[in-house]
Amino acid sequence: MTETTPFFEQVNLNFDRAARLTPHHPGLLEQIKICNSVYHITFPLEKDDGTIETIHAWRAEHSHHKLPTKGGIRYSMLVNEDEVMALAALMTYKCAIVDVPFGGAKGGIKIAKWKYSTEELERITRRFTYEMVMKNFIGPGVDVPAPDYGTGAREMAWMFGTYNALASEKLEVMACVTGKPISQGGIRGRKEATGRGVYFGIREACGLAKDMKPLGLSSGLEGKSVVVQGLGNVGYHVAKFMQESGAVICGLAEYEGATYNPKGLDLESVMEHRRENGSILDYPGATNIEPSSRALELPCDILIPAALENQITHENAPRIQAKIIGEAANGPTTPAAHDILKEKGAMIIPDSFLNAGGVTVSYFEWLKNLSHVRFGRLEKRFEESSNQNMLNAIEKITGKAFPEKEVSRLSRGAGELDLVNSGLEDTMIDAYHEIREIHKQHGKDVDLRIASFISAINKIARSYLELGIFP
């Protein structure tokens, strides 16, 4: 297998490595592995200047073992059928690993987003949604898109609005897409969810002293040096949460280059510099690194690739110095590079687990839309009243009053953001220990990536068996 091997084939290589270690029938494994449905869409776009352009788009539904299928929509010139099939497969395994009851899907439109006006992007998004409605590739119980590379809450609002106009059943229509603006049924915490999930996963891995010792590292994040590649939504929030936990952000990379200071960079200051100058380069007190891909090779404890797939290859893997690679992006490490890093003794926390924060909180949004009740609405005031009564009782018994700030902090009930973050944290912690246990059971030859695939395969196989599809 080479670096030019199709992305879907790379995903299936990891599947095959794990499948050999499971007891399931080959026919069942083949059903889990294949991509069930792929829809290639072409449609004309009338641009603002009156010219006509043909737009190519895809939607892949990898697995229907659970419904709806779920996965993001990306806008990129790299979008093609193989990519959406690969990403849909990863979504299937990702959902299974974190016990989110969806099948995997993915979609994309092959455009360079910056070349189009807002009005043109809206027309593209709405037409794409219309085409999916016509072929039954979108719906609250069928297939639920979400944001991905190049899309966000705005695009999801356009998709929701278009679906709403066409749907005959209105009660559950809001759950047709997630990642929406709060005013359109979105959920608090969704924007930062993928980055926060990456942070929770890395934090949990680094918190285990017995796993850090072979790497020559102490437990915890405090003082660990970190390089983050990609400062989009995911990369920015990972860097933010890591820095707030005491890690030292020594390198930050974007497409124009990277900035590096072994003593540490202030994330918000770097972001402000980029807004003012249009580039991350020439940040005061730091060294420019060009091209940006060289940032992957900088000395650090933790490397977080948070851009696109195939960033770590057999060519640069031998030069990577990080002891931990936290895969915030989908498929950033090729199989050949993975084997090189594994041989070097690095810990790779795989995308199939680490990137699951977004779909986890999308699941919470979907539940919110179906129930038509904001998380925390029913219980928040009751919790605050109960907590206040408890504090009053303690003050009465002890004869000592709590400081006003402490009363406010201790009596506060959980709102939607609190509950979302708590649910995400619990999900990521439980999933990490599940795949770590599989890793420990099989020994050193089964690393965390293969362990995560074993976990996913076993759960999906169980679903098929319970449906009675396979004996």
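Is Gly 326 buried or exposed, and what is its relative accessible area? I began my entries with this residue, working throughout from a predicted model.

**Entry on Gly 326.** I found Gly 326 buried, with a relative accessible area of 0%, and I placed it in strand β11, which covers residues 324–326. Leaving out residues up to four places away in sequence, I listed its contacts as Ile 202, Leu 303, Ile 304, Pro 305, Ile 349 and Leu 354.

**Entry on the cores.** From Gly 326 I moved on to Ile 202, one of the residues it touches. When neighbours within four places in sequence are set aside, Ile 202 is in contact with Leu 221, Met 242, Ile 302, Ile 304, Gly 326, Ile 349 and Leu 354. I then looked up the largest nonpolar core, which holds 95 residues, and in which Ile 202, Met 242 and Leu 252 have the most contacts. Helix α3 (residues 81–97) supplies the largest share of this core, with 12 residues.

**Entry on Phe 453.** I located Phe 453 in helix α16, which runs over residues 448–466. Its relative accessible area is 2%, under the 20% cut-off, so I recorded Phe 453 as buried. Beyond its neighbours within four places in sequence, its contacts are Val 11, Asn 14, Phe 15, Ala 18, Leu 90, Tyr 93 and Ser 352. For Lys 94, which is 359 residues from Phe 453 along the chain, I noted a C-alpha separation of 8.8 Å.

Asn 369 is found in helix α12 (residues 357–371), and I recorded it as buried, with a relative accessible area of 2%. Not counting residues up to four places away in sequence, it touches Met 174, Ala 175, Val 177, Lys 180 and Gly 185. I looked next at His 372, which lies in the loop between α12 and α13 (380–398). His 372 is partly exposed at a relative accessible area of 48%, and its phi is near 60°, a positive value in a residue other than glycine.

**Entry on backbone geometry in loops.** Asn 310, in the loop between β10 and β11, likewise has a positive phi, near 60°, and at 27% relative accessibility it counts as partly exposed. I also noted a cis peptide bond between Leu 67 and Pro 68, with omega about 0°, where Pro 68 lies in the loop between β2 (52–61) and β3 (69–75). Another cis peptide bond joins Glu 290 and Pro 291, with omega about -5°, and Pro 291 lies in the loop between β9 (287–289) and β10 (302–305).

**Entry on the whole chain.** I counted 16 helices and 12 strands in the protein. Its radius of gyration is 23 Å, close to the 23 Å that the globule rule gives for 471 residues, so I noted the protein as being as compact as a globular protein of that length. Of the 471 residues, 56% count as buried, and among contacts between residues at least 6 apart in sequence, 67% join residues at least 24 apart. The accessible surface comes to about 20,200 Å², with 52% of it belonging to carbon and sulfur atoms.

Terms used:
Residues are numbered from 1 along each chain as its sequence is written. This is a predicted model: local features need pLDDT of at least 70, side-chain atom pairs count only at pLDDT 80 or more; totals for chains, interfaces and linings use all residues. Side-chain values use heavy atoms; hydrogens and water are left out. Helices (H or I, at least four residues) and strands (E, at least two) are DSSP runs, numbered from the N terminus. Buried means under 20% relative accessible area, exposed over 50%, partly exposed in between (1.4 Å probe, protein chains only). Contact means heavy atoms within 4.5 Å. A nonpolar core is a set of buried Ala, Val, Leu, Ile, Met, Phe, Trp, Tyr and Cys residues joined through side-chain atoms within 4.5 Å. The radius of gyration is taken over C-alpha atoms; the globule rule is 2.2 Å times the number of residues to the power 0.38. Accessible areas come from the Shrake-Rupley method with a 1.4 Å probe; for residues, only the protein chains shown count as cover.
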